[in-house]
Amino acid sequence: MKIGFIGLGNMGAPMAANLAKAGHDVTGFDMADISVEGVTMAGSAAEAATGADVVITMLPNGQILRKVAEEIVPAMTKGAALVDCSTVDVDSARAVAEQAQAAGLLSVDAPVSGGIGGAAGGTLTFMAGGSEAAFERASPLFDIMGQKAVHCGEAGAGQAAKICNNMILGVTMIATCEAFALADKLGLDRQKMFDVVSTSSGYSWSMNAYCPAPGVGPQSPADNGYKPGFAADLMLKDLRLSQQAAESADADTPMGALAQALYARFVEDEDGAGRDFSAMLPRFETRGRG
Ligand code: NAD
């Protein structure tokens, strides 16, 4: 396939490289001066999109996605597919899908989980929203860049799944960290805490697969000085998207709202910026109730 790839940052570059490695003809564009093995660089987003069967975008936010869509949709060939893998607000995802459909294009919102490691290893999970035909068109590419793709529903459903998942993740990580900090103060050994909770009703991905306590459970960023991993800044971004969506859908999400407020304080006023999101544990460790 002839693929245009726009946004070749931490995630986009390895994803595009994997598509090129699999034999696809990939033309890329990024605002920054970036080169990616096997990818031909274009001088503009529109140039990368011209003549492509599929255009993939991997951009920082919805505002930038809308701006890029203004440029590329008119340049794309009728019947081609626009696949946005960025994490953006549901409203932007739906607006871009409408714009693409009006121009006779297929479109999929397909945010990912799996992070930079998943992007490099081709093991991402895609959560996709769009028509069956659009999902089918993108599927062979999802198979190269990832290990699983779930068709979640119509336009915006992929983004909805992503932010709901990450809202649960933010809340359970905070709960896990505050419980470890309480256990410390009660004199409970962290390994014993893990042994019990990981096999009891308090278990979760945060405890079992990504334990925030160093030296306990499987290897995780906690064992590497809380170097990300999944940065607290990105968790804050996703929590903000979840609360923006909750606001526009009139959904009551008190735990999500509190998780957003805690991560905002951690990233903006404390030492959380650039640290893994599980560094909430050392944050709680040093605090009392006051
Ligand atoms: P990044 O900042 O490393 O990459 C974004 C790239 O987009 C940059 O290279 C930037 O120069 C480029 N860009 C910005 N505006 C542009 C424009 N107008 N035209 C062309 N290029 C432009 O970010 P990332 O970590 O690669 O994340 C990309 C997306 O994936 C985000 O939406 C993020 O939330 C999501 N995501 C990231 C991770 C992660 O672990 N990094 C995990 C899951 C999802």
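**Entry 1: terms and model**

I count as helices the DSSP runs of H or I with at least four residues, and as strands the runs of E with at least two, numbering them from the N terminus. I note that this is a predicted model. With those terms I place Gly 229 in the loop between α9 and α10.

**Entry 2: the whole chain**

I looked up the secondary structure and found 12 helices and 9 strands in the protein. I then checked the radius of gyration, which is 20 Å. A compact globule of 290 residues would have a value near 19 Å, so the protein agrees with that expectation. Along the principal axes, I find that the C-alpha atoms fill a box of roughly 65 × 40 × 35 Å.

I asked how many of the 290 residues are buried, as a percentage. Buried residues come to 51% of them. I also looked at contacts with a separation of 6 or more, and 63% of these join residues 24 or more positions apart. For the accessible surface I have about 13100 Å², with 54% of that belonging to carbon and sulfur atoms. I note 20 positive and 33 negative side chains. The centres of these two sets lie 5 Å apart.

**Entry 3: the loop between α9 and α10**

I went back to the loop that holds Gly 229. The peptide bond leading from Pro 228 to Gly 229 is cis, and I read its omega as near 15 degrees. Tyr 226 is found in the loop between α9 and α10 too. I noted its phi, near 65 degrees, as a positive value in a residue other than glycine. Is Tyr 226 buried or exposed? Its relative accessible area is 8%, and I count a residue under 20% as buried, so Tyr 226 is buried.

**Entry 4: aromatic pairs**

I describe a pair of aromatic rings by the distance of the centres and the angle of the planes. The count in this model comes to 6 aromatic pairs. In one of them, Tyr 210 and Phe 277 have ring centres 5.4 Å apart and planes at 45 degrees, so I list the pair as tilted. I place Tyr 210 in the loop between α9 (205-208) and α10 (232-249), and Phe 277 in the loop between α11 (254-268) and α12 (280-285). The pair therefore ties together parts that are 67 residues apart in sequence. Tyr 210 is buried at 11% relative accessible area, and Phe 277 is buried at 1%.

Next I looked up Tyr 263 and Phe 266, which form an edge-to-face pair. Their centres are 6.4 Å apart and their planes 70 degrees apart. They are 3 residues apart in helix α11, so about one helical turn separates them. I find Tyr 263 buried, and Phe 266 as well.

Which residues do ring pairs link into a cluster? I wrote down Trp 205, Tyr 210, Phe 230 and Phe 277.

I found Gln 243 in helix α10. With a relative accessible area of 13%, Gln 243 is buried. What is Gln 243 in contact with, leaving aside its neighbours within four places in sequence? I listed Met 167, Thr 253, Gly 256, Ala 257 and Gln 260.

Asp 250 lies in the loop between α10 and α11. I have its phi near 55 degrees, a positive value in a residue other than glycine. Its relative accessible area is 72%, and Asp 250 is exposed.

I located Ile 144 in helix α6 (residues 132-145). Ile 144 has 24% relative accessibility and counts as partly exposed. The C-alpha atoms of Ile 144 and Ala 22 are 7.3 Å apart, while the two residues are 122 residues apart in sequence. Not counting residues up to four places away in sequence, I found that Ile 144 touches Asn 18, Leu 19, Ala 22, His 24 and Gly 122.

Last, I looked up Ala 175, which is in helix α7 (residues 157-185). At 39% relative accessibility, Ala 175 counts as partly exposed. I checked Ala 175 against Ser 206: they are 31 residues apart in sequence and 9.2 Å apart in space, C-alpha to C-alpha.

Note on methods
Residues numbered from 1 in each chain as written. Predicted model: local features only at pLDDT ≥ 70, side-chain atom pairs only at ≥ 80, totals over all residues. Heavy atoms only, no water. Rg over C-alpha atoms; globule rule 2.2 N^0.38 Å. Buried < 20%, exposed > 50% of the residue type's maximum accessible area, 1.4 Å probe, protein only. Contact = heavy atoms within 4.5 Å. Areas by Shrake-Rupley, 256 points an atom, 1.4 Å probe, with all protein chains shown as cover. Lys, Arg positive; Asp, Glu negative; His and termini not counted. Charge placed at Lys NZ, Arg CZ, Asp CG, Glu CD. Phe/Tyr/Trp six-rings, centres within 6.5 Å; stacked < 30°, edge-to-face > 60°.
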